[in-house]
Amino acid sequence: MKTVRILLCIGILVVFAGCRHADVLAHKLEIYIPSTVEANREFKHDDVVKKTLQLFAQEFGGSSSLEIQGCWISRDGKALFEKGTVCFVYCSGGKLDNGKKLLRELAAKMRTALHQEVVAIVIDGTMEFI
């Protein structure tokens, strides 16, 4: 009975992700969404998070986010603390190239719109600054 429940749960997760049973979601794409603009002015970034999650869900079948707190050193040498959100998605190898392109384009737009020095993305564990 336990095996049946586990298989049922796995089946539900696979259906939720829009995958067939044979698909393997071996790649992870992430974007760090800041909660400040111009390095020190806080803003409610909920709308940006929701739009990012929706975009990822439309492209990959599902997405998730986590609240974070971080510290980074600005170009003028100051330690800046801020809360933010990481939006992420797992995808198959067949969607990886398009996913990388989408992620980099999104980060570039976000950097400009939110007046950031950089926006961090992570592709399969490797961080890039856009």
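Me: In this predicted model, which residue just after α2 takes a positive phi?
Reply: The model is predicted, and the local features discussed here rest on that prediction. Just after helix α2, the backbone has a phi of about 95°. The residue with this positive value is G61.

Me: How far apart are the end C-alpha atoms of α2?
Reply: Helix α2 covers residues 46-60, which makes 15 residues. At 1.5 Å a residue, the helix should span 21 Å. The separation in the model agrees with that expectation, at 21 Å.

Me: Within what arc do the buried residues of α2 fall, seen down its axis?
Reply: The buried residues of α2 are V49, T52, F56 and F60. An α-helix has 3.6 residues a turn, so residues three or four places apart point the same way. The buried residues of α2 line one face of the helix, because seen down the axis they fall within an arc of 65°.

Me: Which elements do the buried residues of α2 pack against?
Reply: The buried residues of the helix include F56 and F60. The face turned away from them carries the exposed residues D47, K50, K51 and Q58. On the buried side, the packing partners are β1 (27-34), β4, β5 and α3.

Me: Is H45 buried or exposed?
Reply: H45 sits in the loop between β3 (41-42) and α2. Not counting residues up to four places away in sequence, H45 touches I33, P34, S35, G84 and T85. Its relative accessible area is 8%, and under 20% counts as buried. H45 is therefore buried.

Me: How many salt bridges does the structure hold?
Reply: One joins D46 and K44, another R75 and E117. R104 forms a salt bridge with E128. The total in the structure is 3.

Me: In the salt bridge of D46 with K44, which residue is exposed?
Reply: The closest N and O atoms of this pair are 3.6 Å apart. D46 has 39% relative accessibility and counts as partly exposed.

Me: How many residues apart in sequence are the parts tied together by R75 and E117?
Reply: The side chains of R75 and E117 meet in a salt bridge of 3.8 Å, N to O. R75 lies in the loop between β4 (64-73) and β5 (79-91), while E117 lies in the loop between α3 (93-113) and β6 (120-123). R75 is exposed at 67% relative accessibility, and E117 is partly exposed at 33%. The parts tied together by this pair are 42 residues apart in sequence.

Me: Where does H115, with its positive phi, lie?
Reply: H115 is a residue other than glycine, and its phi is near 55°. With a relative accessible area of 48%, H115 is partly exposed. Its place is the loop between α3 and β6.

Me: What is the phi of D124?
Reply: D124 lies in the loop between β6 and β7. Its relative accessible area is 36%, so D124 counts as partly exposed. The phi is positive in this residue other than glycine, at a value near 50°.

Me: Which strand gives the most to the lining of the largest pocket?
Reply: About 400 Å³ of space lies in the largest pocket. Its lining has 18 residues, and the closest to the centre are Y32, W72, E82, V118 and A120. β1, β4, β5 and β7 each supply at least two residues of the lining. With 5 residues, the strand that gives the most is β4.

Me: What share of the residues of the protein chain counts as buried?
Reply: The protein chain has 3 helices and 7 strands, in the pattern α-β-β-β-α-β-β-α-β-β. Among its contacts with a separation of 6 or more, 58% join residues 24 or more positions apart. Of the 130 residues, the buried share is 35%.

Conventions:
Residues numbered from 1 in each chain as written. Predicted model: local features only at pLDDT ≥ 70, side-chain atom pairs only at ≥ 80, totals over all residues. Heavy atoms only, no water. Salt bridge = Lys/Arg side-chain N within 4 Å of Asp/Glu carboxyl O. Buried < 20%, exposed > 50% of the residue type's maximum accessible area, 1.4 Å probe, protein only. Helix = DSSP H or I, 4+ residues; strand = E, 2+ residues; numbered from the N terminus. Expected span 1.5 Å × (residues − 1). Arc of directions from axis to C-beta. Contact = heavy atoms within 4.5 Å. 1 Å grid on protein atoms, 1.4 Å probe; cavity = no way out; pocket = protein on both sides within 12 Å on 5 of 7 lines; lining within 4 Å. Points joined across faces, edges and corners; volume = space filled by probe spheres on them.
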